[in-house]
Amino acid sequence: MAGKTDQKDFRAQARQIADKHAKSDARQRKLLIGGIAALVVAILVIIGLVFWQVRSQQVADSGPVPASSNQYGGIVLTADGVTKDSSETDQVDVNDVPAPPETPAAEPDAEGIVEPGTAKDSGDPVQIVIWQDFDCVHCAELETQYGDDIAELVENGDATVEYRTVNFLDNATYYSSRAANAYYAVADQVGTKEALEFQKEMYSHQGTGGLDNQEIIDIAANHGADVSDAVNDGEWRTMVNYTTALAQDNGVTGTPTVIIDGTVWDQSEGIKETVESAKG
């Protein structure tokens, strides 16, 4: 009898062990299926985010010119305020700009630049044109060293300054483009002083990895402009791309590039001294 009882106990134990293994296998299968499902969901989310990111950064080849811009993409700041509605065209198309030359000229040959000596002959304020990129460390250095001088020259009527803001340094966050887009919206709403203060504050963050949209919106608000719609919609991104393409076609190969009274600025002289010399 003892042998039969032992066999029954053994079978019962075996069934218990088998049941435990079966339950354990079932749990493992559920965990595996759940893990695979979670992984698939995560992959789909990542794909969706990437797709959204790509779609959100797509920019039309053609679009309107901002009221604050001339046809070259420049924002012109004067003692009397921001020059408005000066463009000779209402629309721009990036495809209309020729590809940049394989061998750039020694100096930029840009449209909308006065002939050297114009200020002395005409008595008009000296024209300063600056190609800049908000993600450019040397542009930030230029702003730090000469921003106040430029503001004073413009305020006194000794010079005008035209900023052609490009996106040479765009990366995965498109900071250069987003910041340039915002500048058009700011310049459309405020005066020269506020526009220059916006620029100054923007450059104070250079080297921090780029600002997000809300940070740009907040800085604009500090200087009297509500640019939330323009920033979130990328309203003037086509103009930024056009300005950049035109700069490259004109032989501008880096930022900052500064032309004063029709001549590329000799950085061995200060900007104030160069303007005074141009005035004669």
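These notes walk through some helices, strands and cores of a predicted model.

1. Start with helix 5, residues 192-203. Its 12 residues should span 16 Å at 1.5 Å a residue. The end C-alpha atoms lie 17 Å apart, which agrees.

2. Look next at which residues of helix 5 are buried. They are Thr 192, Ala 195, Leu 196, Phe 198, Gln 199, Met 202 and Tyr 203. Viewed down the axis of helix 5, the buried residues fall within an arc of 155°, so they line one face of the helix.

3. Strand 7 covers residues 257-260, and both of its faces are covered. Thr 257 and Ile 259 are buried on one side. Val 258 and Ile 260 are buried on the other.

4. Strand 7 has pairings to check on two strands. Strand 5 (residues 126-132) runs antiparallel to strand 7, joined by 4 bridges. Here Ile 130 stands opposite Val 258. Strand 8 (residues 263-264) is also antiparallel to strand 7, with 2 bridges. Ile 259 faces Val 264 in that pair.

5. Strands 7 and 8 make a hairpin, with 2 residues between them. Asp 261 sits in the turn and has a positive phi of about 55°.

6. The largest nonpolar core holds 59 residues. Leu 77, Ile 128, Met 202 and Ile 271 touch the most other members. Helix 4 (residues 175-189) gives the largest share, 9 residues. A second, separate core has 8 residues, including Ile 113, Val 129, Ala 247 and Ile 259.

7. Leaving aside residues up to four places away in sequence, its contacts include Ala 159, Val 161, Val 258, Ile 260, Ile 271 and Val 275. Ile 128 also touches Thr 160 and Glu 162.

How values were computed:
Residues are numbered from 1 along each chain as its sequence is written. This is a predicted model: local features need pLDDT of at least 70, side-chain atom pairs count only at pLDDT 80 or more; totals for chains, interfaces and linings use all residues. Side-chain values use heavy atoms; hydrogens and water are left out. The expected span of a helix is 1.5 Å times one less than its number of residues. Buried means under 20% relative accessible area, exposed over 50%, partly exposed in between (1.4 Å probe, protein chains only). The arc is that of the directions from the helix axis to the C-beta atoms. Two strands pair if DSSP finds at least two bridges between them. A nonpolar core is a set of buried Ala, Val, Leu, Ile, Met, Phe, Trp, Tyr and Cys residues joined through side-chain atoms within 4.5 Å. Contact means heavy atoms within 4.5 Å.
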